[in-house]
Amino acid sequence: VVYTQSEILQREVYLFERLDSPSREPMKHLKAICFLRPTKENVELLVQELRRPKYSVYFIYFSNVISKSDVKALAEADEQEVVAEVQEFYGDYIAVNPHVFSLNLLGCCRGRSWDPAQLTRTTQGLTALLLSLKKCPMIRYQLSSEPAKRLAECVKQVITKEYELFDFRRTEVPPLLLILDRSDDAITPLLNQWTYQAMVHELLGINNNRIDLSRVPGISKDLREVVLSAENDEFYANNMYLNFAEIGTNIKNLMEDFQRRKPKEQQKLESIADMKAFVENYPQFKKMSGTVSKHVTVVGELSRLVAERNLLEVSEVEQELACQSDHSSALQSVRRVLQSPRVAELDAARLVMLYALRYERHNSNGLPALLEELRARGGTDRYRKLVAAVVEYGGKRARGSDLFGPKDAVAITKQFLKGLKGIENVYTQHQPLLQETLDQLIKGKLKDSQYPYLGPNTLRDRPQDIVVFLIGGATYEEALTVYNLNRSNPGVRIVLGGTTIHNTRR
């Protein structure tokens with residue numbers, strides 16, 4: 001995710017190996033740069049490597065704090081004195097966007113409490129992030145979540161223990177780490193998305209910037225897996241937060257621009273100058289050709305799935321469930337979609353989950369009938385169990401905040417005006433809960449009673465540097481929210497992280 005292979009080759013790195021691959025050849029003419037997480041297994045593998053070194057010199061970089069005893073074990077193994085340096089280079093997390101990071105952890109909790117190994121890994125990831133951004137923050141956490149409190153305490157312990165590392169130049173307003181729990185808003189990861197990055201993840205899945213297109217009908221061999229990275233794909237960087245309609249137009253423009261630059265087939269290369277011009281322009285042309293074919297394929301596949309799975313109709317009902325409170329209309333809409341043979345089982349189940357979360361306590365709750373219809377469609381009980389699990393995870397009893405609360409008059413007016421604008425259309429009415437939480441935080445109005453500080457000190461000023469972390473995973477819809485908040489609040493910098501980045505399947 002950090003570096004492409006071609007970028008590393010430009011730095012004259014010619015060989016990539018994994019420390020645990022058994023069949024590496026000795027190459028004494030090469031120097032080795034090792035970049036590793038400081039885990040027990042890695043230290044053990046490195047000890048074995050240094051006892052029988054395969055390369056002439058070793059430069060060892062750990063992505064997090066390493067214990068003195070591990071360094072001692074490495075020193076004892078280095079009898080041939082091949083280690084030139086050992087450094088801590090904090091990067092123990094995955095940088096997904098300029099303002100978003102993930103730890104690539106699925107299933108971090110068992111029920112309502114942490115899986116101990118995942119808690120350790122999350123603490124390491126979060127402290128490495130703080131060290132690489134040079135922040136020693138004050139910590140606030142969601143009171144209703146036991147895992148949020150545990151994580152806050154673990155991060156605090158590391159900061160206290162490694163106080164020398166966290167001794168950064170003080171800023172006027174200290175940075176703030178806010179720890180939240182996904183179960184407070186289980187709605188957001190269940191919705192279909194209509195901005196490019198979020199939509200690609202929802203329908204195709206983004207895994208460390210890679211998209212698997214092998215199931216696309218008639219796909220060519222070199223497009224079976226493509227990389228989408230804003231770092232080295234200008235079109236993606238400019239379009240990741242735009243909605244689907246705009247992307248269609250931009251793809252068309254990209255195609256036309258490409259057609260204009262195409263080297264003419266019958267172009268006569270008569271002089272040396274002609275040939276030189278052709279050769280000079282060719283790499284640019286080839287790169288552009290790769291970009292065009294990649295995005296045309298991805299957008300084409302998204303369009304195919306939207307049509308095949310009837311997602312416009314499904315999404316309209318999802319938004320109605322998430323944003324409005326007319327129960328009988330919602331129930332009718334869900335029923336209508338469940339009866340359509342064109343709707344995929346996953347999408348049918350997703351609507352029932354959203355209905356179950358939204359109208360859990362409604363007097364005339366129609367959930368049993370909907371579950372029956374779901375069963376009649378697919379004949380499996382798997383989705384019925386999932387509906388119950390989602391309610392247990394993110395239902396009324398689990399939530400600390402008022403996800404569907406009666407909004408104040410200002411919010412209702414805003415919602416109404418937004419509906420009038422048209423472009424923020426019926427498919428993108430929903431705002432994640434995070435939007436409201438961060439808005440309150442930036443304005444200095446986030447309640448201490450719901451999001452207490454860890455320790456006696458509190459912030460007197462409005463925060464400027466904010467790291468917000470979601471236990472149980474963030475989403476690209478929330479990444480868009482943070483991107484927009486950063487743009488509309490100059491002087492405020494928000495970084496969003498999660499144990500993973502969700503789509504409905506995850």
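How far apart are the centres of domain 2 and domain 4, taken over C-alpha atoms? The separation is 29 Å. The structure is a predicted model, in which local features need pLDDT of at least 70 and side-chain atom pairs count only at pLDDT 80 or more, while totals for chains, interfaces and linings use all residues. Residues are numbered from 1 along each chain as its sequence is written, and side-chain values use heavy atoms, with hydrogens and water left out.

The chain divides into domain 1 (5-88), domain 2 (94-185 + 432-502), domain 3 (196-309) and domain 4 (324-424), with bounds that come from an automatic or database domain assignment.

We can turn next to the sheets. Helices (H or I, at least four residues) and strands (E, at least two) are DSSP runs, numbered from the N terminus, and two strands pair if DSSP finds at least two bridges between them.

Another open sheet has three strands in the order β10-β11-β12, and here the pairing is antiparallel. β10 (206-207) and β12 (225-227) take the edge positions with a single partner strand each, so one side of each lacks a neighbour in the sheet. Strand β11 (residues 210-212) runs antiparallel to β12, joined by three bridges, and D212 stands opposite E225 in β12.

The helix pairs come next. Two packed helices are described by the angle between their axes and the distance between the axes. Axes are lines fitted to C-alpha atoms, for helices over the stretch in contact, and angles run from 0 to 180 degrees between N-to-C directions. The axes of α10 (residues 311-323) and α11 (residues 327-338) come within 10 Å and cross at roughly 155 degrees. That makes α10 roughly antiparallel to α11 (angles over 145 degrees count as such). Their crossing is left-handed, meaning that the near helix is turned anticlockwise from the far one by less than a right angle. On the α10 side the contact is made by E313, V314, V317, E320 and L321, and on the α11 side by S329, A330, S333, V334, R336 and V337. These residues comprise six nonpolar, two polar and three charged; Ala, Val, Leu, Ile, Met, Phe, Trp, Tyr, Cys and Pro count as nonpolar, Asp, Glu, Lys and Arg as charged, and the others, Gly among them, as polar.

Helix α11 also packs against α12 (residues 345-358), at an angle of about 165 degrees and with the axes 10 Å apart. That makes α11 roughly antiparallel to α12, and the crossing is left-handed. H327, L331, V334, V337 and L338 of α11 meet A348, L351, V352 and Y355 of α12 in this contact, which has eight nonpolar residues, one polar and no charged.

Finally, α13 (residues 367-378) and α14 (residues 382-394) pack at about 145 degrees, with their axes 9 Å apart. L367, L371, E372, L374 and R375 of α13 make the contact with Y383, R384 and V387 of α14. By class, this contact has five nonpolar, no polar and three charged residues.

Key
Angles under 35 degrees count as roughly parallel, over 145 as roughly antiparallel, 65 to 115 as roughly perpendicular and the rest as oblique. Contact means heavy atoms within 4.5 Å.
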